[in-house]
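We'll walk through it a piece at a time.

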Amino acid sequence: MAGVLQRDDWRADLASILPDFFARPGREPCVPECGPGWAGVVDRCCVRIAAALEPRESFRFETIGQSQGALRIRWAGRLSAASEAAVRAAVDLAEARSLCVCELCGARGRLYRADGVLATRCPGHAKGIPARSPGMEHVHLVQLTVKGRLRVVVGARYVFESDAFVEIDDLDDLGRGEA
Ligand SMILES: [Zn+2]
């Protein structure tokens, strides 16, 4: 698309700022295998994780890629329970945000299905038809850590503007559309 900044060096930029996050012992460094439109999503995730880590804790990405049209992040680390919960939250938020951002150009987008392939795209890059009904589009299952270790899976709606989840405690809300 005209006017779209195609920056292929965003991966190298991130790795140079946070080399520990991308180094994989005994292997090549992790290189994000997703489109440039998600550079900002990955960057936000890195900022959140860096803020969550305590001294002497470690974190690294195993893989950053795209699956079913969404960002998928695998990671490893030596973390306290609290930091692990914060990292999980950062990753959940990034994966949810990716479903609102065109993987190609970074504009606002949504999940489309074309010939059985799912992809998050802006209207300009979209092929096929929207893959989710409006009421379910940004509903996710996320793990919450309560009182230290116990993990609870809850339904939550991702809100792009605040980059946060809002827990869904009334399942009837699922049927209602969103702005
Ligand atoms: Zn686009």
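How many bridges pair strand 3 (residues 110-114) with strand 4, and in which sense, parallel or antiparallel? There are five bridges, and the pairing of strand 3 with strand 4 is antiparallel. To get your bearings, find Leu111 and look across to strand 4, where Thr120 stands opposite. Keep in mind as you go that this is a predicted model.

Strand 2 (residues 70-78) runs antiparallel to strand 1, and nine bridges join the two.

Step back to the whole chain for a moment. It has four helices and eight strands. Starting at the N terminus, the elements run α-α-α-β-β-α-β-β-β-β-β-β. The chain has 179 residues, and 39% of them are buried. Among contacts with a separation of 6 or more, 48% are between residues 24 or more positions apart. The accessible surface comes to about 10,100 Å², and carbon and sulfur atoms make up 53% of that.

Next, the aromatic rings. The count of aromatic pairs is six. Take Phe22 and Phe61: their ring centres are 5.2 Å apart and their planes meet at 45°, so this pair is tilted. The pair links distant parts of the chain, since Phe22 sits in helix 2 (residues 19-22) and Phe61 in strand 1 (residues 58-67), 39 residues apart. Both Phe22 and Phe61 are buried. Ring pairs also tie Phe21, Phe22, Phe59, Phe61 and Trp75 into a cluster.

Another ring to look at is Phe160. Arg97 lies over the face of Phe160, 3.9 Å from the ring centre. The charged end of Arg108 also sits over the ring of Phe160, at 3.9 Å from its centre.

What about disulfides? The count is zero. A disulfide is a covalent bond between the sulfur atoms of two cysteines. For Cys30, the closest cysteine sulfur is in Cys46, and at 9.4 Å that is too far for a bond, given a cut-off of 2.5 Å. Is Cys30 buried or exposed? Cys30 counts as buried, because its relative accessibility is 5%. Cys105 has a relative accessible area of 21%, so it is partly exposed.

One last stop is Ala51, which is found in helix 3 (residues 39-52). Ala51 counts as exposed because its relative accessibility is 67%. Along the chain, Ala51 and Ala86 are 35 residues apart, while 9.2 Å separates their C-alpha atoms.

Notes
Residues are numbered from 1 along each chain as its sequence is written. This is a predicted model: local features need pLDDT of at least 70, side-chain atom pairs count only at pLDDT 80 or more; totals for chains, interfaces and linings use all residues. Side-chain values use heavy atoms; hydrogens and water are left out. Two strands pair if DSSP finds at least two bridges between them. Rings of Phe, Tyr and Trp (its six-membered ring) pair if their centres lie within 6.5 Å; planes under 30 degrees apart count as stacked, over 60 as edge-to-face and the rest as tilted. Buried means under 20% relative accessible area, exposed over 50%, partly exposed in between (1.4 Å probe, protein chains only). A charge sits over a ring if NZ of Lys or CZ of Arg is within 6 Å of the ring centre and within 35 degrees of the ring normal. Contact means heavy atoms within 4.5 Å. Accessible areas come from the Shrake-Rupley method with a 1.4 Å probe; for residues, only the protein chains shown count as cover.
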